Amino acid sequence: MTDSDLRPFERAVSAPDSADADLWFIGRIRTPWTDRRACPRKGDAQDGPLCEIVLDPRWSEAMLGLEGKTRLQILYWMHLARRDVVRQNPDFGNRAIGTFALRSPLRPNPIASSTVTLERIEGTSLFVRGLDCIDQTPLVDIKPIFCFDEQPEKRIA
Ligand SMILES: C[S@@+](CC[C@H](N)C(=O)[O-])C[C@H]1O[C@@H](n2cnc3c(N)ncnc32)[C@H](O)[C@@H]1O
């Protein structure tokens, strides 16, 4: 990517020389969207399409206790996003907004998060609603919204 890919008022900086940490993708997310422009800006945990989170079977034991939970936080890696943009113009307006004031996928570490509704589990696949990423987006982590007994009506997330 070059600066010519930037929109008006956007700015990029040079990236650090080396990475500070490693991460492992723990699976892939299967969604109906093959193009970034076709994705919703924000997932719909109620009426969004059913998406499949395909966990690497290596991590299957880490799923113990997931059944019975209905709301999960999914962290994923926006692998197609550039990482050097510090001012963004998300709607082609006449100004830019700082990356940390946006939920845009363009960020130094392109980690996205969504709260999803867990519909069912089949083997190492989780079927959920509420995602907004393209098909085959790498999976970074899965966390419950509530660690212990789920009583959403009695709790504030
Ligand atoms: C605005 S972000 C929100 C992501 C997440 N819900 C969050 O708040 O952190 C969603 C947009 O990212 C883009 N996108 C989806 N999958 C992507 C990927 N794998 N790499 C880069 N951009 C992606 C799409 O344009 C989608 O509409």
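This is a predicted model: local features need pLDDT of at least 70, side-chain atom pairs count only at pLDDT 80 or more; totals for chains, interfaces and linings use all residues.

Student: What makes β2 and β9 a pair?

Tutor: Pairing takes at least two bridges. β2 and β9 have three bridges, so they pass that cut-off. For one spot to look at, find G27, which stands opposite L139 in β9.

Student: Which other strand is joined to β9, and by how many bridges?

Tutor: That would be β4 (residues 71-77), joined to β9 by five bridges and running antiparallel. Here I74 is opposite I142 in β9. Five bridges against a cut-off of two, so this is a pair as well.

Student: And what holds paired strands together in general?

Tutor: Strands of a sheet pair through backbone hydrogen bonds, either parallel or antiparallel.

Student: How many helices and strands does the chain have?

Tutor: Zero helices and nine strands. Going along the sequence, the pattern reads β-β-β-β-β-β-β-β-β.

Student: Why are β1 and β6 said to stand at the edges of their sheet?

Tutor: First, the sheet: three strands form an open one in the order β1-β5-β6, with antiparallel pairing. β1 (11-12) and β6 (97-98) each have a single partner strand, so one side of each has no neighbour in the sheet. As for β5 (residues 85-88), it pairs with β6 over two bridges in the antiparallel sense, and that just meets the cut-off of at least two. R87 is the residue opposite G98 in β6.

Student: Now C133. Why does C133 count as buried?

Tutor: C133 has 25 C-beta neighbours inside 10 Å. Buried starts at 20 or more, so C133 counts as buried. You'll find C133 in the loop between β8 and β9.

Student: What does C133 touch, sequence neighbours within four places aside?

Tutor: C133 is in contact with I29, T31, C39, Y76, M78 and A112. By contrast, I121 is 12 residues from C133 in sequence, and their C-alpha atoms are 20 Å apart.

Student: Then why is R7 called partly exposed?

Tutor: R7 has 14 C-beta neighbours inside 10 Å. Exposed means 12 or fewer and buried means 20 or more, so R7, with 14, falls in between and counts as partly exposed. R7 sits in the segment before β1.

Student: How many residues are in the largest nonpolar core, and which have the most contacts inside it?

Tutor: That core has 19 residues, and those with the most contacts inside it are I29, I53, I74, Y76, V128, L131 and C133. Elements giving two or more residues to this core are β3 (51-55), β4, β7, β8 (125-129) and β9. The most comes from β4, with four residues.

Student: What is V128 in contact with, beyond its neighbours within four places in sequence?

Tutor: The contacts of V128 include C51, I53 and L72, along with V116, T117, L118 and E119. V128 also lies on the covered face of β8 with L126, while S125, F127 and R129 make up the uncovered face.

Student: How do you know that β8 is paired with β3 and β7?

Tutor: Count bridges: four join β3 to β8, and five join β7 to β8. Both counts meet the cut-off of at least two, so both are pairs. Both run antiparallel. I53 is opposite L126 in β8, and E122 is opposite S125 in β8. In the hairpin of β7 and β8, two residues lie between the strands, and G123 takes a positive phi near 60°.

Student: Last one: which residues come nearest to the ligand?

Tutor: Of the 20 residues around the ligand, C39, M78, L80, A112 and C133 come nearest. By class, that shell has nine nonpolar, six polar and five charged residues. Strand β7 (residues 111-122) gives the largest share, three residues.

Definitions and conventions: Residues are numbered from 1 along each chain as its sequence is written. A residue is near a molecule or strand if its C-beta atom, placed from the backbone, lies within 6 Å of it. Ala, Val, Leu, Ile, Met, Phe, Trp, Tyr, Cys and Pro count as nonpolar, Asp, Glu, Lys and Arg as charged, and the others, Gly among them, as polar. A nonpolar core is a set of buried Ala, Val, Leu, Ile, Met, Phe, Trp, Tyr and Cys residues joined through C-beta atoms within 7 Å. Two residues are in contact if their C-beta atoms, placed from the backbone, lie within 7 Å.
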